[in-house]
Amino acid sequence: MSEDLGTPVLDNHLHLDPEHGRGMAAVDDFCRLGGTHLLVVNKPSWHLGPVPSDREDFRPAFEATIEAVHEASDRLPGRAWPVLGVHPGLVSRLVDDEGYEPDAARELMCEGLSVAAEFVADGRALALKSGRPHYDVSEAVWDASNAVMRRAFEHGAELDCAVQLHTEASEDLTEIADRAREAGMDPSRVVKHYASGKLAGPTPSVMSEKDWLRTAAEEGEPFLMETDFVDDPDKPGMVLGPKTVPRRVRWLLDEGYDDAVRTAHVETPRAVYDIDTEATLAEGEST
């Protein structure tokens, strides 16, 4: 029997790996605690096979994510959507491990983004994923990474879709918002994955730690909630588990942050992704 928290409950960023990880068992845990909707992000391509060497090498990770989303949607009270793209850490795999020059790595990563954009264009994916390294890199690698991120913003503008980012930790990413704006994209549709409770620039997807969520709730600004569940049996304690978002929603409601819950699970998803978590929840409950 699943809990009913009286609201849509969206985990904005997690991974599912039915072949190697918990897969649908993690989705069932999420549902039992009151979870209703998921945004499922593809695992880094090299986690599911060799390091990519051409654009088609990105496709299997995207297809696997879409298949997992279909399975998850069959189990959720609401539904799931795929977010597809290229993890910014790939640049280091290519440059440090495979001997690519930074410009060549940039070109390959942009090719991967173009494949992801095809899935968004045909309606099979909701949004794109990109970013830049959160660790120290050379100036050439940093420049290449920013060029990849700009290409993601250009796709976002062309496709009218959101872009999730993996970046360095910061409470001020207005510089990234400016880059998005210059590429023709609304910065509010740029989502900073793994954000703390306060962020200038993109929309924060707040890791579901109580202190960060309280900060976000009291800021009164648009935000989302996530776990970054990695679904990797070799890393069982890494980041947060799939039950966390519904548990934190219950805690926020108990603390009187009803408006913040609506912001994170209804209003911000609608504004950023153009998805209706209330309507899709009603549709799921009626079938």
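Modeller: Happy to! Please keep in mind that this is a predicted model.

Colleague: Let's start with the cysteines: how many disulfides does the structure hold?

Modeller: A disulfide needs two cysteine sulfur atoms within 2.5 Å. For Cys161 the closest cysteine sulfur belongs to Cys110 and is 15 Å away, so this pair is too far apart for a bond. For the structure as a whole, the number of disulfides is zero.

Colleague: And is Cys161 buried or exposed?

Modeller: The cut-off for burial is under 20% relative accessible area. Cys161 has 4% relative accessibility, so this residue counts as buried.

Colleague: Now the charges: which residue forms a salt bridge with Glu175?

Modeller: Glu175 sits in helix H6 (residues 174-182), while its partner is in the loop between strand E4 (127-131) and helix H5 (139-159), so the pair ties together parts 43 residues apart in sequence. The closest N and O atoms are 3.0 Å apart, and the partner is Arg132.

Colleague: Which helix holds both Arg106 and Asp103?

Modeller: These two form a salt bridge, with 3.9 Å between the closest N and O atoms. Arg106 is partly exposed at 24%, and Asp103 is partly exposed too, at 47%. They are three residues apart, about one turn, and both lie in helix H4.

Colleague: How far apart are the closest N and O atoms of Glu56 and Arg59?

Modeller: Both residues are partly exposed, Glu56 at 40% and Arg59 at 22%. A salt bridge requires a distance within 4 Å. The pair does form one, and the separation is 2.7 Å.

Colleague: What about Asp231: is this residue buried or exposed?

Modeller: Asp231 is placed in the loop between strand E8 (224-226) and helix H8 (244-254). Its C-alpha atom is 8.1 Å from that of Ala26, although the two are 205 residues apart along the chain. With a relative accessible area of 1%, Asp231 is buried.

Colleague: Last one: what charge does the surface patch with Glu218 carry?

Modeller: Glu218 is part of helix H7 (residues 210-219), and its 55% relative accessibility makes it exposed. Glu171, Asp172, Glu219 and Glu221 gather there with Glu218. Asp and Glu count as negative, so the charge of the patch is negative.

Terms used: Residues numbered from 1 in each chain as written. Predicted model: local features only at pLDDT ≥ 70, side-chain atom pairs only at ≥ 80, totals over all residues. Heavy atoms only, no water. Patch = residues over 30% accessible without salt bridge, like charges linked within 9 Å, V, L, I, M, F, W, Y side chains within 5 Å. Areas by Shrake-Rupley, 256 points an atom, 1.4 Å probe, with all protein chains shown as cover. Salt bridge = Lys/Arg side-chain N within 4 Å of Asp/Glu carboxyl O. Charge placed at Lys NZ, Arg CZ, Asp CG, Glu CD. Helix = DSSP H or I, 4+ residues; strand = E, 2+ residues; numbered from the N terminus. Buried < 20%, exposed > 50% of the residue type's maximum accessible area, 1.4 Å probe, protein only.
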